[in-house]
Amino acid sequence: LLPRVVPHSWHPLRVYAVLELGIALAAVILLYQLPSVGDFYVRSFASSNAKGWQTSVFLRAGIAGACLLPPTILMGGTLPAIARWFRSTPSGIANTGFFYSANIFGAVFGCLMASFYLLRVHDMVFATQVAVGINIAVAGIALLASRRLCYVPVPTDRQSLPKKSLSSLVAFLAIGLSGFAALGAEVVWTRELSLLLGATVYTFSLILAVFLIALGLGSVLGATWSRRTSSPSLAFTACQIAAAAGVLWAACITANSLPYWPIDVSLSTNPWLTFQLDVVRVAWAVFPPALCWGASFPLALATAAHGQDTSKMVAFAYAANTLGAIFGSIGCSWFAIPWLGIQVTHQL
């Protein structure tokens with residue numbers, strides 16, 4: 001929505017700073033309103049549960065959406081906002097891919113720091129305060145940089161911008177299906193690996209962190225590749241074929257290899273050694289396909305770029321990938337795995 005709502009003439013760094021401040025404000029409001037939300041949920045749960053499990057699920061989904069949508073909508077606008085700084089050229093698209101990878105690496109650090117340190121050693125209040133402080137610091141840096149860096153808007157005359165070509169629409173559809181497959185596979189891997197590592201928040205965080213590291217490294221490789229190749233669509237195709245082979249690899253590893261490694265995790269009482277072992281086991285299965293999916297996003301941007309508004313193009317690709325990820329996560333966890341089983345879900 002950001003490219004349609006925010007005027008093109010506004011400085012991208014100032015827009016970025018406002019978004020970061022909005023995220024910090026949403027976190028503070030949520031922190032202080034969460035007890036009231038909890039009381040409302042407790043009062044409503046009995047009546048909703050009496051009407052059936054579907055009503056209970058929708059109640060939880062509605063409460064989670066009301067709490068999480070405001071800050072995450074602002075988070076979703078940050079990449080399109082910063083993309084306005086670049087032109088729709090191979091170099092500009094590659095730079096956008098590097099920003100995407102930097103954002104993913106930040107997500108890895110946040111995931112690990114929150115789950116393995118802030119929430120374990122401190123509490124949710126302290127973890128939220130740290131996140132708010134980081135958002136405010138980023139907003140301040142962006143505002144200071146906007147004073148020193150001059151922004152020249154690209155002409156936004158609709159007649160001067162080409163319409164979306166068939167290749168752009170196909171690229172958006174493909175990156176949406178790529179997100180569907182990626183999050184669906186992550187759901188399957190989380191179910192399988194939690195049987196090995198234990199069904200805890202640490203296991204989920206570890207799988208997510210390894211998955212994000214591979215996405216980040218892949219997006220760096222994809223951004224570099226998009227700058228050098230003359231046919232990004234072929235490179236995008238190669239990444240998707242490699243991702244399919246990677247899913248096959250992960251299926252074989254999680255089912256036929258990892259459970260039979262001659263390892264006794266109870267021999268060590270050092271949690272750091274156990275953490276290292278778990279990282280190796282997760283990465284051995286998850287890393288190859290996630291690397292291919294990470295490289296696909298900047299290559300999809302390069303495929304869709306035909307002199308269009310960079311911000312709108314990035315927003316469309318980002319939205320398609322995210323929507324695909326949502327449907328992949330829900331579709332696999334609610335329907336494919338319960339109805340078809342993990343083996344058929346892997347095959348699909």
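Surface patches are made of residues with over 30% relative accessible area and no salt bridge, with like charges joined within 9 Å and nonpolar side chains (Val, Leu, Ile, Met, Phe, Trp, Tyr) within 5 Å. The model is predicted, so that local features need pLDDT of at least 70 and side-chain atom pairs count only at pLDDT 80 or more, whereas totals for chains, interfaces and linings use all residues. Residues are numbered from 1 along each chain as its sequence is written, and side-chain values use heavy atoms, with hydrogens and water left out.

A nonpolar surface patch of about 1200 Å² includes Phe180, Leu323, Phe327, Trp334 and Leu348 among its residues. Helix 11 (residues 310-340) gives the most to this patch, with 8 residues; helices are DSSP runs (H or I, at least four residues), numbered from the N terminus. Phenylalanine 327 lies in helix 11 and is exposed, with a relative accessible area of 56% (exposed, over 50%; buried, under 20%; partly exposed, in between; 1.4 Å probe, protein chains only).

The 25 residues of helix 9 (residues 232-256) should span 36 Å at 1.5 Å a residue, and the end C-alpha atoms are 36 Å apart, which agrees; the expected span is 1.5 Å times one less than the number of residues. Among the buried residues of helix 9 are Phe236, Cys239, Val247 and Ile253. The buried residues of this helix pack against helix 7 (166-197), helix 8 (201-228), helix 10 (271-304) and helix 12 (342-347), contact being heavy atoms within 4.5 Å.

With a disulfide taken as a pair of cysteine sulfur atoms within 2.5 Å, the count comes to 0. For cysteine 239, the nearest cysteine sulfur, that of cysteine 292, is 6.0 Å away. Cysteine 239 is buried, with a relative accessible area of 7%.

Note on methods:
Helices (H or I, at least four residues) and strands (E, at least two) are DSSP runs, numbered from the N terminus. Accessible areas come from the Shrake-Rupley method with a 1.4 Å probe; for residues, only the protein chains shown count as cover. A salt bridge is a side-chain nitrogen of Lys or Arg within 4 Å of a carboxyl oxygen of Asp or Glu.
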